[in-house]
Amino acid sequence: MDIFLQQIINGLTLGSVYAIVALGYTMVYGIIQLINFAHGELVMIGAMVAFSVINALAGTHLPPVLIVFIGILAAIPVCMLVGYAMERIAYRPLRSAPRLAPLITAIGISIILQHLALLVWSRNPLAFPQIIPFVTFPIGGAIISGVQIAIILTSVLMMGALTFMVYRTKLGIAMRATSQNPLVAGLMGIDIDRIISFTFIVGAALAAVAGVMVGTYYGIAHYGMGSLLGMKAFSAAVLGGIGNLAGAMLGGILLGIVEALGAGYIGDLTNNVFGSNYQDVFAFMVLIGVLVFRPSGLLGERVGDRA
Amino acid sequence: MNIFAKILTKARSKWVGVALIALALIALPFALAAAGTAWVRIANLAILFAFLALGLNIVVGFAGLLDLGYIAFYGVGAYVYALLASPHFNLHLPFWVILPIGALVACVFGVLLGAPTLKLRGDYLAIVTLGFGEIVRIFLNNLSRPFNLTNGPQGISRIDPFSFGAFDFSRNETIAGLAFSGPIKYYYLLLALLLLAIVVNLRLQHSRIGRAWEAIREDEIAARAMGINTTRIKLLAFAMGASFGGVAGGMFAAIQGFISPESFVLVESVMVLSMVVLGGMGNVWGVVLGAVLLTFVPELLRDWVQPVQQSLFGKTIIEPEVIRMLLFGLALVLMMLFRPAGLLPSAIRKRELTKQK
């Protein structure tokens with residue numbers, strides 16, 4: 001089996017999930033220069049809600065794809081609501097406060113969401129029911145599973161939709177205007193508060209779908225899955241250049257591939273001194289490396305120093 | 001009354017107050033011991049956290065650098081102590097040798113973290129430090145191969161307690177008719193170390209370095225223009241904060257007798273940060289108050305939340321641990337919304353955090 005190709009495929013899959021989550025970070029950052037620390041928790045809530053629904057429907061004889069679709073449809077509004085609420089409660093009152101304040105509330109919100117989820121769903125992870133037959137397709141010495149194909153396709157679809165929305169609709173123009181200069185955008189008749197809320201809601205919807213994707217990929221969802229994923233996605237956003245949509249997509253996919261290749265080859269490269277259990281280190285190494293050598297990211301328009 | 005007498009009475013009443021507080025602190029462990037040794041242990045934990053929070057206060061409160069990986073230094077200090085005073089490597093150095101080594105190693109880690117991140121400000125720094133904390137934890141978890149340094153997830157056990165020659169801090173003793181249990185002896189040692197930390201913090205705050213930190217926090221560019229070597233001063237903040245963490249970690253290892261990577265997770269960093277924020281960033285007494293509150297209140301809650309739930313519903317619906325974490329989260333959010341400068345705000349911080357753009 002071709003290990004290289006296989007790791008690329010795995011990396012692409014995870015990378016497209018990172019990309020979707022990173023889009024949420026980058027949109028919020030682009031518009032109000034806030035790192036929404038709690039964004040990872042939205043991914044978790046999306047996965048948990050969807051898994052609850054999917055598990056409830058698993059006994060019925062609906063087609064599996066439809067069940068997953070219903071799960072996603074249930075998760076999206078819940079995440080949107082949570083995303084909206086967190087902006088209203090924790091970020092909006094602090095918009096004119098110094099940087100440190102909303103950052104600290106964001107951490108607080110993240111802890112609260114995580115432990116509320118723990119209350120609702122308990123410590124035990126939710127498993128993805130065995131409803132989707134595990135199908136694989138061989139390509140050039142490696143294999144790709146049906147789930148992987150679905151994840152990659154969904155991500156591409158969502159990225160396309162988001163790009164269309166941001167660059168081709170009136171709402172998108174308003175978003176970009178707000179991100180460039182909120183004051184002037186407000187003078188032009190744009191309701192800034194609404195646009196910011198809307199940005200959070202769109203990011204939350206993306207996070208919900210990402211949650212379902214990553215949960216389905218690993219087969220489980222649990223209350224603590226959001227923070228690490230969130231951090232990696234943030235690293236991806238920084239890698240691509242935070243505030244830049246294309247950058248988030250590129251950064252996510254690159255990070256996924258770096259991680260997969262790193263985990264796949266670190267054993268061989270270091271004579272098995274380090275193993276794939278160091279997989280989670282790569283994202284942070286990449287993050288620190290980017291911030292040190294190119295703080296504006298690969299496609300960045302905003303400089304890290306501005307933070 | 002002439003002015004000298006006035007000053008004298010004022011000074012005297014101040015000293016009476018200090019003496020009363022000192023007496024209360026000396027008597028406290030015996031009062032707590034009456035309620036159960038567990039409470040003495042909790043008091044020790046509160047002091048330990050106060051020490052740790054004072055270290056973080058240097059980085060966050062004085063220099064204004066949001067460090068979310070602070071617990072890594074605590075972990076490094078704890079592991080240094082554990083490795084040098086346990087059967088793991090069969091080393092049993094005395095604690096007054098190890099604690100400075102722990103401080104030094106943590107300090108090196110602080111510089112390692114600080115050096116590449118000096119250019120970053122605010123939120124970027126937060127996330128990088130967070131990543132750094134995770135990296136350290138992952139390494140602690142996995143460095144049982146190729147050669148067994150940290151013993152992996154099992155952690156290191158049977159760590160030596162503090163001792164001066166034959167005087168062992170973990171043993172029970174009766175001195176002058178008073179029963180000194182292990183935790184009570186530790187209490188006095190920890191209290192002494194905390195006092196030292198408070199003095200260092202207070203002295204630092206108003207020193208040349210402290211004022212430089214403040215200047216950087218307020219406006220880095222202006223500070224540089226005033227001739228402050230921002231690189232060096234920021235590194236110094238990281239190094240000093242990290243050393244505090246290293247010492248606290250060593251004490252933690254000695255008191256617990258067992259450590260594992262589990263104790264040094266992100267949540268702990270957030271908890272220490274909550275203490276600093278709750279009490280009042282930059283205010284030494286506020287930080288101590290924050291640490292004491294956030295250690296004791298959850299324990300008190302644990303004491304009555306479970307029985308109340310038992311009697312109401314017949315079972316525990318919300319685990320005390322979950323309540324504790326929810327409280328931390330709420331404390332962070334509510335403090336920032338309603339009292340951003342903390343319970344005991346430092347004057348400058350207050351001005352800074354309540355100003356409108």
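Q: Of the contacts in chain A with a separation of 6 or more, what percentage is from residues 24 or more positions apart?
A: Those residues account for 76% of such contacts in chain A, where two residues are in contact if their C-beta atoms, placed from the backbone, lie within 7 Å. This is a predicted model, in which local features need pLDDT of at least 70 and side-chain atom pairs count only at pLDDT 80 or more, while totals for chains, interfaces and linings use all residues. Residues are numbered from 1 along each chain as its sequence is written, and chains are lettered from A and ligands numbered from 1 in the order in which they are written.

Q: And how many helices and strands are in chain A?
A: Chain A has 11 helices and 4 strands, taken as DSSP runs numbered from the N terminus (H or I of at least four residues for helices, E of at least two for strands). Its radius of gyration, over C-alpha atoms, is 19 Å, close to the 19 Å that the globule rule (2.2 Å times the number of residues to the power 0.38) gives for 307 residues, so chain A is as compact as a globular protein of that length.

Q: What share of chain A is buried?
A: Buried residues make up 51% of the 307 in chain A; a residue is buried with 20 or more other C-beta atoms within 10 Å of its own, exposed with 12 or fewer, and partly exposed in between, the C-beta atoms being placed from the backbone.

Q: How do α5(A) and α6(A) pack?
A: Helix α5 (residues 146-168) and helix α6 (residues 170-180) of chain A pack at an angle of about 75°, with their axes 5 Å apart. The axes are lines fitted to C-alpha atoms over the stretch in contact, and angles run from 0 to 180 degrees between N-to-C directions. The two helices are therefore roughly perpendicular, given that angles under 35 degrees count as roughly parallel, over 145 as roughly antiparallel, 65 to 115 as roughly perpendicular and the rest as oblique.

Q: Which residues meet there?
A: From α5(A) come Met165(A), Val166(A), Tyr167(A) and Arg168(A), which meet Leu171(A), Gly172(A), Met175(A) and Arg176(A) of α6(A). By class, 5 are nonpolar, 1 is polar and 2 are charged, where Ala, Val, Leu, Ile, Met, Phe, Trp, Tyr, Cys and Pro count as nonpolar, Asp, Glu, Lys and Arg as charged, and the others, Gly among them, as polar.

Q: Over in chain B, what about α11 and α12?
A: Helix α11 (residues 284-313) and helix α12 (residues 320-338) of chain B pack at about 135° with axes 9 Å apart, and they are therefore oblique to each other. Among the residues that meet are Pro298(B) and Leu301(B) in α11(B), and Ile323(B) and Leu327(B) in α12(B).

Q: Switching to the interface, how many residues does each chain give?
A: Chain B gives 37 residues and chain A gives 38. The largest share of the chain B side, 12 residues, comes from α5(B), and that side divides into 26 nonpolar, 5 polar and 6 charged residues.

Q: What is the phi of Arg158(B)?
A: Arg158(B) has a positive phi of about 55°, although it is not a glycine. Arg158(B) lies in the loop between α5 and β3 (163-164) of chain B, and counts as exposed with 11 C-beta neighbours inside 10 Å.
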